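Okay, thanks everyone, let me put the model up.

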Amino acid sequence: MRLYLINPSNPFVSSVNASSRWNRYRVWKPLGLLVLAGLTPPEWEISIIDENLRTPDYSTMPRPDLVGVTAFTSQAPRAYELAAHFKELAVPVVMGGIHASMCVDEALAHVDCVVTGEGESVWPQVLDDARHGCLQRRYDGGHADMTNIPLPRHELLNTGYAFGSIQTTRGCPLNCSFCSVTAFNGARYRQRPIDDVVRELKMIREKLVLVVDDNLIGTRPDHIARAKDLFRAMVRARLRKSWVCQATINFADDDELMALAVESGCRGVFIGFESTAAEGLRELGKRFNLLNGRDFGASVRRIHRHNIFVVGSFIMGLDTDEPGIGSRIANAASSYGVDSVNVGFLTPLPGTRLWDQMRADNRIASDTYPDDWKYYTLNLPVARYKHFSQDAIFQEMVTCSSTFYSMPRLLRRVSMNLWQRRTPLISLIGNLSYRRNYALDRQVYANFTRDRDNRNLSSVPS
Ligand code: B12
Ligand code: SF4
């Protein structure tokens with residue numbers, strides 16, 4: 001029995017539509033597919049195809065018995081193209097992942113079977129049913145028991161990536177309005193047993209590892225205590241790996257936590273600052289960032305004292321954002337001292353509270369589905385923003401990136417890094433890579449507006 005597990009590409013994701021030598025550092029393994037492979041019995045011969053690296057000519061490949069496709073929302077149109085291709089060959093296609101879970105009926109119109117939620121509890125059943133020709137239309141995996149997750153098959157994707165990846169927790173209680181995580185993985189913060197995590201880390205070949213957890217340290221004292229125990233176990237295991245993670249800003253509040261993180265290999269942390277203004281954070285439901293009179297600059301300085309690289313993430317296009325927001329974000333990020341920034345447009349992802357609100361207020365501009373999902377990369381303005389036209393908000397983004405990544409500011413950050421003996425090489429590579437991708441985003445926006453204008457023209461009655 002031959003199984004293809006496919007991660008579809010999206011030409012609107014700038015980092016994958018141009019061959020850049022930095023992309024090795026920016027294309028990440030589709031961990032969900034490695035997890036599914038780990039749950040697949042040995043009678044299945046598995047090929048994992050990551051179209052972010054290369055789209056193969058499927059017509060020259062052996063016909064599979066089953067295809068499993070994963071997709072974020074932005075990948076859904078390509079997932080449906082793949083489903084149409086395999087339908088012609090009469091190969092059944094199963095779709096899972098966040099998009100199929102949030103848009104079940106839409107997905108069912110394109111594929112034979114949809115798996116909602118986390119795959120662990122149902123994938124073996126899906127395979128068994130497919131083998132016996134009695135695949136159901138829908139299975140629901142709900143939330144998996146984290147104490148019982150088989151190890152992902154990391155060895156199936158061994159080349160082309162700089163980073164290995166691992167997940168140690170799922171779920172987030174904060175439920176920010178724009179984020180899909182609470183809707184998909186639940187509000188309960190679920191942790192894998194530390195021994196399993198260490199065992200898996202030992203199997204990962206790459207020296208660099210991305211910890212994909214939405215928040216590796218959690219929000220409560222018992223979460224932080226578990227993170228410290230995990231780091232201690234990683235130190236004891238002498239893994240000799242460097243890793244990066246995502247965490248909330250409370251990462252900065254505990255010196256013992258940061259010291260243990262570094263000792264176990266932590267080099268960088270990606271933190272969601274989201275908005276530079278308190279009213280913006282309230283609008284996004286991320287009051288957590290306001291707790292205890294938080295001073296972002298002081299928090300970044302504390303993290304830097306441990307030689308940890310900080311990527312700051314921000315959202316542009318809130319109702320509280322007014323003209324000038326591009327330079328405000330760039331200047332605030334520079335004053336906090338973050339090493340690089342990642343700025344996205346406020347995007348109504350299906351299943352989020354923001355989606356419900358914007359849909360009800362008729363504020364979604366790109367809503368010809370499923371085709372328009374390809375624009376939901378956070379790099380394109382798909383909504384109607386309160387204070388900006390689409391072109392005006394894109395211009396704010398250009399101002400933001402050209403200010404933050406201007407050569408003088410970039411060189412100042414890299415030299416500060418060198419002076420403080422932190423991570424100058426990561427700083428240089430990270431900044432050049434973001435700078436290059438922001439340049440590519442202009443090309444992507446030109447394609448987006450060309451499509452939009454062509455569509456508007458064709459809808460004018462002749
Ligand atoms: C790591 C990560 C990335 C990596 C991607 C690595 C990769 N190739 O997968 C990077 C950094 C590249 C990335 C990029 C983006 N990401 Co991202 N990312 C994540 C993150 C933090 C973890 C994903 C992960 O690896 N989880 C671990 C694995 C084990 O879980 P899983 O993939 O969900 O798979 C399980 C189930 O979904 C299911 N399943 C999945 N696929 C399939 C398929 C079948 C057949 C079956 C049966 C089951 C099944 O079973 C698996 C095991 O339980 C999630 C947050 C999250 N909690 O999901 C956001 C998230 C998925 N990303 C998100 C977004 C928006 C993006 C971007 C569009 C924008 C951006 N700038 O971040 C880009 C676009 C990428 C693209 N190609 O289009 C959103 C997606 C929302 C949506 N509706 O699409 C999420 C949910 C974060 C959020 N805040 O809302 N991301
Ligand atoms: S943005 Fe971060 S903190 Fe907010 S719900 Fe999503 S994962 Fe949790």
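So, the lining of the largest cavity: 6 nonpolar residues, 1 polar and 4 charged, where Ala, Val, Leu, Ile, Met, Phe, Trp, Tyr, Cys and Pro count as nonpolar, Asp, Glu, Lys and Arg as charged, and the others, Gly among them, as polar. Before I go on, this is a predicted model, with local features needing pLDDT of at least 70 and side-chain atom pairs counting only at pLDDT 80 or more, while totals for chains, interfaces and linings use all residues. Residues are numbered from 1 along each chain as its sequence is written, chains are lettered from A and ligands numbered from 1 in the order in which they are written, and side-chain values use heavy atoms, with hydrogens and water left out.

Back to the holes. On a 1 Å grid over the protein atoms alone, a cavity is a set of points where a 1.4 Å probe fits but cannot get out; a pocket is an open set with protein on both sides within 12 Å along at least five of seven lines; and lining residues have an atom within 4 Å of a point. Grid points are joined across faces, edges and corners, and a volume is the space filled by probe spheres set on the points.

How many cavities of 30 Å³ or more are there? There are 4.

Among the residues around it are Ile166, Thr168, Leu216, Phe231, Met234 and Trp243. Two elements give two or more residues to that lining, α7 (194-203) and α8 (221-236); helices here are DSSP runs of H or I, at least four residues, strands are runs of E, at least two, and both are numbered from the N terminus. The largest share, 3 residues, comes from α8.

Now, how do those helices pack? α7 and α8 meet at about 40°, with axes 10 Å apart; axes are lines fitted to C-alpha atoms, for helices over the stretch in contact, and angles run from 0 to 180 degrees between N-to-C directions. So α7 and α8 are oblique to each other: under 35 degrees is roughly parallel, over 145 roughly antiparallel, 65 to 115 roughly perpendicular and the rest oblique. On the other pairing, α8 packs on α9 (residues 255-263) at about 30°, axes 8 Å apart. That makes α8 roughly parallel to α9.

Next, the second largest pocket, about 330 Å³. It is lined by 16 residues, with His304, Ser334, Gly337, Met416 and Arg422 nearest its centre. Contributing two or more residues each are α11 (296-305), α12 (325-336) and α15 (407-419).

Ligand 2 has Cys172, Cys176 and Cys179 around it, plus Leu174, Asn175, Phe178, Thr182, Asp214 and Lys286, each with a heavy atom within 4 Å of it.

Last, the backbone. Tyr369 to Pro370 is a cis peptide bond, omega near 5°, and Pro370 is in the loop between α13 (353-360) and α14 (390-404). Ala90 has a positive phi, near 60°, without being a glycine.
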